[in-house]
Amino acid sequence: MNTRELGRREKALAWIARDAGQLARRFFLKREKLSVSLKGTQDYLTEADGAVERFIVGRLARDFPHDAVLGEEGGRKGAGDAIWVIDPIDGTENFAHGIGHFCISIGFMLGRRLQLAAICAPMYGELYLARRGRGATLNGRRMKVAATRRLGRSVIELGWSARLAARPYTALVERVLASGATFRRAGSGALGLAYVADGRTEGYCELHINAWDVAAGILLIEEAGGWCNDFFAGDGLARGGAVIAAAPGIRSALLAATGMAKGNMTVRSRNRRRGK
Ligand code: IPD
């Protein structure tokens with residue numbers, strides 16, 4: 001894809017993420033009228049998830065009819081190398097409980113390489129954007145990961161979902177606490193990664209997470225000078241996998257402390273065990 005075509009997508013993405021954010025915000029403000037269901041244990045689905053995804057996919061289909069999309073709710077549509085990876089509402093559990101810590105996350109990939117990213121957190125008025133090789137911004141301000149060099153002074157977000165049993169998660173929490181770092185779990189993987197990109201936290205780890213939760217956040221971190229494992233190297237796009245991201249100064253210490261070094265990130269999700 002040439003620079004001009006990528007530039008068209010970059011511009012459109014910022015508008016689509018902003019508009020989708022406004023739509024999600026309107027749903028959130030009248031959430032007591034929305035239907036909320038569970039896709040599985042602690043796996044929430046609100047009316048807003050489907051509506052926001054349909055809005056995003058509709059705009060992309062109008063502007064870029066030959067691009068493929070992979071959405072959390074609607075799955076994959078279209079073939080080819082150019083693909084938009086969409087989480088219409090990341091942090092659905094928060095959304096359903098009246099907590100404004102949620103976002104819209106959209107990444108654009110060519111093959112296995114992320115090219116563009118947008119995360120919109122409408123209740124905070126935040127729009128995070130990145131383009132490969134051109135940096136990452138928050139509301140137009142250039143982002144940079146934390147300069148911290150000591151894991152013992154770091155805040156690491158440890159994501160968890162009911163796709164995994166509790167034990168591997170609690171073991172991870174114990175390992176991180178033993179390293180002297182502290183941890184948080186705020187319920188949105190995409191925002192957790194965006195916070196690493198903005199230097200608010202030093203790292204993010206989750207033993208299994210889906211592609212739509214991380215596509216945008218990974219590029220934000222890389223473009224803000226941080227490090228992330230090669231999530232899309234294997235079948236991450238289709239099946240998800242482990243994610244670990246860090247500010248460069250604590251990267252090796254975090255890998256050692258978590259045990260999530262190369263070859264040791266094989267925790268399987270319950271979905272995978274069920275062959276989903
Ligand atoms: C979830 C959130 C959560 C993460 C889970 C995701 P959803 O996405 O990002 O923080 O730990 O792995 O599934 O369901 O809110 O879109």
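Predicted model: local features only at pLDDT ≥ 70, side-chain atom pairs only at ≥ 80, totals over all residues.
Reader: Why is the pair D198 and R141 called a salt bridge?

Author: The term requires a side-chain nitrogen of Lys or Arg within 4 Å of a carboxyl oxygen of Asp or Glu. The side chains of D198 and R141 meet at 3.1 Å, N to O, so the pair qualifies as a salt bridge. Between domain 1 and domain 2 the count is 4 salt bridges. There are also 13 residue pairs in polar contact between these domains, both residues being at pLDDT 80 or more.

Reader: Which element gives the largest share of the side of domain 1 that touches domain 2?

Author: Strand β7 does, with 7 residues. The residues of that side divide into 20 nonpolar, 11 polar and 11 charged.

Reader: How do you know what area is buried between domain 1 and domain 2?

Author: The value is the accessible area that the two parts lose on being put together, summed over both. For domain 1 (3-142) and domain 2 (151-258), this comes to about 2600 Å², of which carbon and sulfur atoms give 63%. H101, L114 and Y128 supply 21% of the area that domain 1 buries against domain 2, more than any other three residues.

Terms used. Residues numbered from 1 in each chain as written. Heavy atoms only, no water. Domains from an automatic or database assignment. Buried area = accessible area lost by both parts, 1.4 Å probe. Polar contact = N/O pair within 3.5 Å; in protein donor to acceptor, adjacent residues only side chain to side chain. Helix = DSSP H or I, 4+ residues; strand = E, 2+ residues; numbered from the N terminus. Nonpolar A, V, L, I, M, F, W, Y, C, P; charged D, E, K, R; others polar.
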